[in-house]
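Here are my notes for a colleague who is meeting this structure for the first time. Please read them with the sequence and the model side by side.

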Amino acid sequence: MVERLLQLYDTTLRDGTQQEGLAPTVEDKLAVARHLDVFGVGFIEGGWPGAIPRDTEFFRRARTELDLRSAQLAAFGATRRPDTLVTTDPQVRALLEAESPVVTLVAKSHTRHVELALRTTLAENLAMIGSTVRHLVRAGRRVFVDAEHYFDGYLANHEYALEVVRTAAEAGAEAVVLCDTNGGSLPDRIGAVVSDTLAATGARLGIHCHDDSGCAVANTLAAVDAGADHVQGTAHGYGERCGNANLFTVAANLVLKRGRTDVVPAERLREMADTGRAIGELTGVHAHPAAPYVGASAFAHKAGLHASALRVDPGLYQHIDPGLVGNAMRTLVSDMGGRSSIELKARELGYEVSAGSEPVARAAARVKDLENRGYSFESADASFELLLLEELAGGGLEHPFDVESWRVGVEQRDGGEVLNEGSVRLRVDGVPLAATGTGNGPVNALDRALHQALDPFFPELARLELTDYQVRVLGGPGRGPGGGPGSAAAARVLITFTDGRRRWGTVGVDENTVAASWRALLDAVRYVLLTERGADHRALHRTETPATAAAG
């Protein structure tokens, strides 16, 4: 048998949208399709025209608004209804009216589903598959057939499941996609069934796996090893229940672990993490931080033992070079690490330091002490960098301004309106400043007061914007998280900021939540001033200026 090029088929815009909480607009779907095309998938399933109005609109707009370079658009739908003519079936007509070059049909391959869900005979189901495929092929469409519940159907009645595959292939289907619809299969069973089906039918086979047993990616790879050369999945594994096979993980494994050069070009794979982030922004459902290859934590290292080894060779604790998928190694600063972690993190931020130096030793000791008191620097690179700078400067780091006092008031007015007012007293070069700000909360009010006081002196602060705010209640002082009553508990505040070019995080801890927030706000302001102004004490230790300061 001649080996065919592998077909990478994305169903994010159809099967992926069945995920709870995921409801993209037509505009979102068009944008996602563009990103998938740039990434290099072969086929993009746009939805179910005729059955879902939003999908009908998507295909209408796609004709003029999508200029796909790598991918072909596929419309999804069902075979004709039982005991009807394919030429008069309105759903089949809608598939043709979508004008997509590819049509993917869902067909029943499990006898019980045919009899109970379709309420027709086994013979009529085969006739429905054959006539619909032939009709679409005659109309000039490339046709794929998704054999729904194939693996369960094969177990129940393998002869009938095989006949479904034969019928679709003989009618002209380019590939018959074997679906583990309930997601309950394991890799050994997937491999065996794909191998048996290929031997019995000779049809081109595809694979479509759900993740209900946690094996969707492994099952997909097992199917490819057994002879399937059409692979379906979704970005970030989006999908109903436990989701679908993660298309990014599958693609990276096929290219980097199986050596397949026919999946996506290597240069496209290096953009995979950016593609994943862009799709996450559009859908509002981001990759899990620990997602393989594209997750923010996929190449993040925390333990001191790992950090020591990574100083010698990053490959000792990483299975690939992160750059191959567009990601990057990160060092997490915590009390679990030691001097090696501090050195690695400092070098990641662009500082030339040595693990054996006194500043690094002092910084490591301070991190351990502060984390024992509730601080966490994993998502607060800016706060850590300020701490490091203080130690590199021998404790004499000069700040651009001094704080004399601050206060916050909350007032409920007639009509139920709640007003938060924050006021600050500062000094810049010895000049006293006072400013007041109002906001929708105490932190917002203090943030506005700081801007009002400092923006005239430091115009670069005008771009500073708070984008995320998180509070965690910790245990009582000295007793560890969860160790004290609520009234005595400390609060850890993590704040994420942006200046339009970079993102960074800061942290503050105090028994008073507003005071903890104030500490994090001050770190953000001081950080942007130090980085923008390139203070001499900072430049002394710099090897290069990093492009971004990640917020975790």
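1. Strand β15, which spans residues 491–498, pairs with β16 in the antiparallel sense, and eight bridges make up that pairing. Within it, Leu494 is found opposite Val507 of β16. Please keep in mind throughout that this is a predicted model.

2. The two strands belong to an open sheet of three strands, whose order is β14-β15-β16 and whose pairing is antiparallel. Its edges are formed by β14 (465–473) and β16 (503–510), each of which pairs on one side only. From one strand to the next, the twist averages 20°.

3. Strand β4 (residues 102–108) runs parallel to β5 and is joined to it by seven bridges, and here Leu105 has Val145 in β5 as its bridge partner. β5 also pairs in the parallel sense with strand β6 (residues 175–180), over four bridges, and in this pairing Ala147 stands opposite Leu178 of β6.

4. How many disulfides does a search of the whole structure find? The search finds zero. For Cys209 the reason is distance: the closest cysteine sulfur, that of Cys179, lies 8.5 Å from its own sulfur, which is too far for a bond, because a disulfide requires the two sulfur atoms to be within 2.5 Å. Cys209 is also buried, at a relative accessible area of 1%, whereas Cys242 counts as partly exposed, with a relative accessibility of 47%.

5. Which helix supplies the largest share of the lining of the second largest cavity? That share comes from helix α17 (residues 442–454), with four residues. By residue type, the lining of this cavity divides into five nonpolar residues, one polar residue and two charged residues.

Key. Residues are numbered from 1 along each chain as its sequence is written. This is a predicted model: local features need pLDDT of at least 70, side-chain atom pairs count only at pLDDT 80 or more; totals for chains, interfaces and linings use all residues. Side-chain values use heavy atoms; hydrogens and water are left out. Ala, Val, Leu, Ile, Met, Phe, Trp, Tyr, Cys and Pro count as nonpolar, Asp, Glu, Lys and Arg as charged, and the others, Gly among them, as polar. Buried means under 20% relative accessible area, exposed over 50%, partly exposed in between (1.4 Å probe, protein chains only). Two strands pair if DSSP finds at least two bridges between them. Axes are lines fitted to C-alpha atoms, for helices over the stretch in contact, and angles run from 0 to 180 degrees between N-to-C directions.
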